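Here is a short briefing on a chain and its helices. Look through the sequence and the model first, then take the points below by topic.

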Amino acid sequence: MNLPNKLTLFRIFLIPVFIIIMMINIPNKFIIACMIFIIASVTDAMDGHIARKYNLITDFGKFMDPLADKLLVISALTTMIEFDLVAAWMVIIIVARELTVSILRAIAAADGKVIAASSGGKLKTISQMIAIVVLLLAAQTGNMLLLDTGKIIILIATLLTLYSGWEYIYINRNLFMESK
């Protein structure tokens, strides 16, 4: 169990902590949840960087790192629906894209192929994470300008999600033709 894999497991551990904080009634819960989310997001950047720099890439990391990212973002957005911080239809689009790309990757893996993250996919993830942080800060402060900014960023993130999903399907459309 190398450091990047430990960071991935730590991020997975933080997901239920984030959810619990969001669901209980405590003072400053949005700022606490925001700090947890930021820590988890930073571990995402760190584990990949460390794994590539020190050649610590493992099959576990290849599978669990993207799964941890998806679980983190989906958990955060899903809990935020309850507080009217994000529209349910946006979360549905984001979840549908993540499931579609995951299934596409599984089909590719069955054929011994790897589908690398695209620049659109990376931009999608970054925009989603920024939107979540801004929306949590807005919920904590009650700042309407910050809330409106967060809602614009999550709309952009949703559009990037649609685009990157289409991009993955289009670039890998041959997998659908080749599958048995």
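A residue counts as buried when its relative accessible area is under 20%. The model is predicted.

**The start of the chain**
- Asn 2 sits in the segment before α1, the helix of residues 3–23.
- Is Asn 2 buried or exposed? Its relative accessible area is 16%, so Asn 2 falls under the 20% limit and is buried.
- The side chain of Asn 2 has a polar atom 2.9 Å from the backbone nitrogen of Asn 5.

**Annotated transmembrane regions**
- An unreviewed UniProt entry carries the annotation "transmembrane region" for residues 7–24, 30–50, 71–96, 126–145 and 152–171.
- Residues 7–24 are 94% helix and 0% strand in the model. The C-alpha atoms at the ends of this stretch are 26 Å apart.
- Residues 30–50 are 100% helix and 0% strand. Here the end C-alpha atoms lie 30 Å apart.

**The α5 and α6 pair**
- Helix α5 spans residues 119–141, and helix α6 spans residues 144–171.
- How do α5 and α6 pack? Their axes are 8 Å apart, at an angle of about 160°.
- Because angles over 145 degrees count as roughly antiparallel, α5 is roughly antiparallel to α6.
- The crossing of α5 past α6 is left-handed.
- The residues of the contact of α5 with α6 comprise 14 nonpolar, nine polar and three charged.

Terms used:
Residues are numbered from 1 along each chain as its sequence is written. This is a predicted model: local features need pLDDT of at least 70, side-chain atom pairs count only at pLDDT 80 or more; totals for chains, interfaces and linings use all residues. Side-chain values use heavy atoms; hydrogens and water are left out. UniProt positions are given in the numbering used here, feature names are shortened, and annotations may be inferred rather than shown by experiment. Helices (H or I, at least four residues) and strands (E, at least two) are DSSP runs, numbered from the N terminus. Axes are lines fitted to C-alpha atoms, for helices over the stretch in contact, and angles run from 0 to 180 degrees between N-to-C directions. Angles under 35 degrees count as roughly parallel, over 145 as roughly antiparallel, 65 to 115 as roughly perpendicular and the rest as oblique. A crossing is left-handed if the near helix is turned anticlockwise from the far one by less than a right angle, and right-handed if clockwise. Ala, Val, Leu, Ile, Met, Phe, Trp, Tyr, Cys and Pro count as nonpolar, Asp, Glu, Lys and Arg as charged, and the others, Gly among them, as polar. Buried means under 20% relative accessible area, exposed over 50%, partly exposed in between (1.4 Å probe, protein chains only). A polar contact is a pair of N or O atoms within 3.5 Å; within protein, one must be able to donate a hydrogen and the other to accept it, and residues adjacent in sequence count only if both atoms are side-chain atoms.
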